[in-house]
Amino acid sequence: MKIKRINLIIFLAAVIIIQGCFSGIKAQGSQVKIYAIQGEQHQTPYLDKTVTTTGIVTAIASNGFYLQDSIGDKNNLTSDGIFVFTRTNPRSIKQGDLVEVTGKVNEFIPKPNNLSVTNLADNPRFKIVSRDHDLPMGIILGINERQPPTEVIDDDNFAVFDPDTDGVDFYETLEGMRVIVQDALAVSSNNSFGEIYTVVDGGINATGISERGTINININDYNPERIQIDDQSPISPKETPTVKVGDRLGDVTGIVSYNFGNYEVIATDSTAPRQIDLQPEITELIPTSEALTIASYNVLNLAPDNPQEKFEAIAKQIITNLRTPDIIALQEIQDNSGALDDGVVDASQTYETLIAAIINQKGVKYNYLDIPPSNGSDGGQPGGNIRVGYLYNPARVELITDSVERIETDAFVDTRKPLIATFRFNNNNITVINNHLTSKGGSSPLFGQIQPPINNNQETREAQTEAINNYVKTILLQNPQAKLVVLGDFNEFEFLPPLTQLTTLANLTETLPENERYTYIFEGNSQAIDHILVNPSLLPITTYDIVHTNVEFSELVSDHEPVICRIILTS
Ligand SMILES: [Ca+2]
Ligand SMILES: [Ca+2]
Ligand SMILES: [Ca+2]
Ligand SMILES: [Ca+2]
């Protein structure tokens, strides 16, 4: 055994010597500057060619290193940086080394439908020419240097390389380079990956910034000016700081890369964020003897085995931030066994735990209303049997019990069924339809190969809103004076067909200023996917509020904001 081990050591030593010889031999392949490898385009003109290039090592990753031309070509159409993919940590080299690399030019696609990242691969050989160089100056992203486009991500399906106007082309010209994100303003809190979305220059030239500091989408603007700051070991000195919307990160130095469908700046230097005092909102929509309030809230897979703190926090939001609405339409209520897949569909404990938490905090005693799905038939987290349901305050409204039913047409096979209930308030009947439409999961990235991106399940949602619209029309045919409130998590924006198809109703989201229409933040883009719609005739007596309590903060109860309307109803 001993002899064998010695043999192995000798063998390994030989391998190391041979490898050392390789990295010391004169590099093969033609000499090409990094900016020529990148070219004025997304795809390298040197694909699959073996080239030799030289640059300064700017950062060392766990599987390679970033190399940047020491001078650059001063051409805003080409990147002066590139990733060298060595598979393992290249321990022999250091930041500041001038290195000559020979490798095969490759375009790496991190995930399906993603853009590609130019790199030198195929076991690249490298030799250190000299050490301890100053790093190339970071390109300032911001006023006076390179400002990201603010509206267009791509409008030519990659036919024209126009970094001044197209975000997808802009970041390509910086791929692998050192940058300084100037006066970064957080437009999101850290997501579950620790990533923070920011805009430069405190948002001064960004379009879509809301009053509270998020960056909101509209039909013509999905915000190419969002810059994701990420931490990556061992490049980043420490964890990305924890921030909320509106916090300032100062100037963030890092390397531009791309992963999981987004460009990103991998921070190389630490930052000290400046926190602002952003508080959860408290609605001004108070119930009165002639004012009915109705809220809608996706409570993120609420189940009895959730921490009691979550129930307490939702109870506090209902009492304090929503001012005890008369009716609360809930989405993502799970059954009594939560994600445990044991055939249970009854959700009484989920509702009762929430109701008890509200009573405990000196709130009113709500009743609940629910029709359970058949086991496993309505989608969502496996075993959870999520459904929509209601809490209502029996001291304020009376439930018309024979009004309760679900829409169960083909459009709602394998997904959550809308739940209808009519309530009586101040001698008025109000019919509420609570919805949770099929999600956008599986959509292709905004910064992806497919332009315009795929909006997954849009046709499914369109069929669902058509079914809802047909139901509404039937009610109005029977009673043209029927008062209708159609609400919930529609998983779609107010300006797209699933919502705009609900032609018999008015979307209260559209009564708010455009920048303030958000209930959710996805990849830094604030957006409205929860809505309340009413008969157009109710608009003059209805007020709407999106109550910002969750999505802007790093500690959130749900990934959605609750929304609420108040309708004045005289007897
Ligand atoms: Ca490239
Ligand atoms: Ca373009
Ligand atoms: Ca914008
Ligand atoms: Ca279960």
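How many aromatic pairs does the structure hold?

Reply: The structure, which is a predicted model, holds 12 aromatic pairs. A pair of aromatic rings is described by the distance of the centres and the angle of the planes. For F65 and F126 the ring centres are 5.6 Å apart and the planes stand at 80°, and because planes over 60 degrees apart count as edge-to-face, that is the name for this pair. The two residues come from distant parts of the chain, with F65 in strand β3 (residues 64-68) and F126 in strand β6 (residues 117-130), 61 residues apart. F65 and F126 are both buried.

The rings of Y351 and Y368 have centres 4.5 Å apart and planes at 5°, so this pair is stacked. Here too distant parts of the chain are linked, since Y351 belongs to helix α5 (residues 348-360) and Y368 to strand β16 (residues 367-369), 17 residues apart. Y351 has a relative accessibility of 1% and counts as buried, whereas Y368, at 30%, counts as partly exposed.

Beyond these pairs, one aromatic cluster is formed by F170, Y171, Y258, Y263 and F447. A charged side chain also meets a ring, for K440 lies over the face of F493, 4.0 Å from the ring centre.

Turning to the metal sites, the calcium ion (ligand 2) is coordinated at 2.3 to 2.7 Å by two OD atoms of D156, by O of V160, and by OD atoms of D162, D166 and D169. Along the chain these donors follow the spacing D-x3-V-x1-D-x3-D-x2-D. The six donor atoms subtend angles of 51 to 157° around the calcium ion (ligand 2), and the arrangement is therefore irregular.

T150 lies in the loop between β7 (139-141) and α3 (167-172), and E225 in the loop between β10 (215-216) and β11 (227-230), so the pair ties together parts that are 75 residues apart in sequence. T150 is partly exposed, with a relative accessible area of 23%, while E225 is buried, with a relative accessible area of 3%.

How values were computed. Residues numbered from 1 in each chain as written. Chains lettered and ligands numbered in written order. Predicted model: local features only at pLDDT ≥ 70, side-chain atom pairs only at ≥ 80, totals over all residues. Heavy atoms only, no water. Phe/Tyr/Trp six-rings, centres within 6.5 Å; stacked < 30°, edge-to-face > 60°. Helix = DSSP H or I, 4+ residues; strand = E, 2+ residues; numbered from the N terminus. Buried < 20%, exposed > 50% of the residue type's maximum accessible area, 1.4 Å probe, protein only. Lys NZ or Arg CZ within 6 Å of the ring centre and 35° of its normal. Donors = N, O, S within 2.8 Å, 3.2 Å for Na, K, Ca; no water. Tetrahedral: all angles 85-135°; square planar, octahedral: opposite > 155°, others 65-115°.
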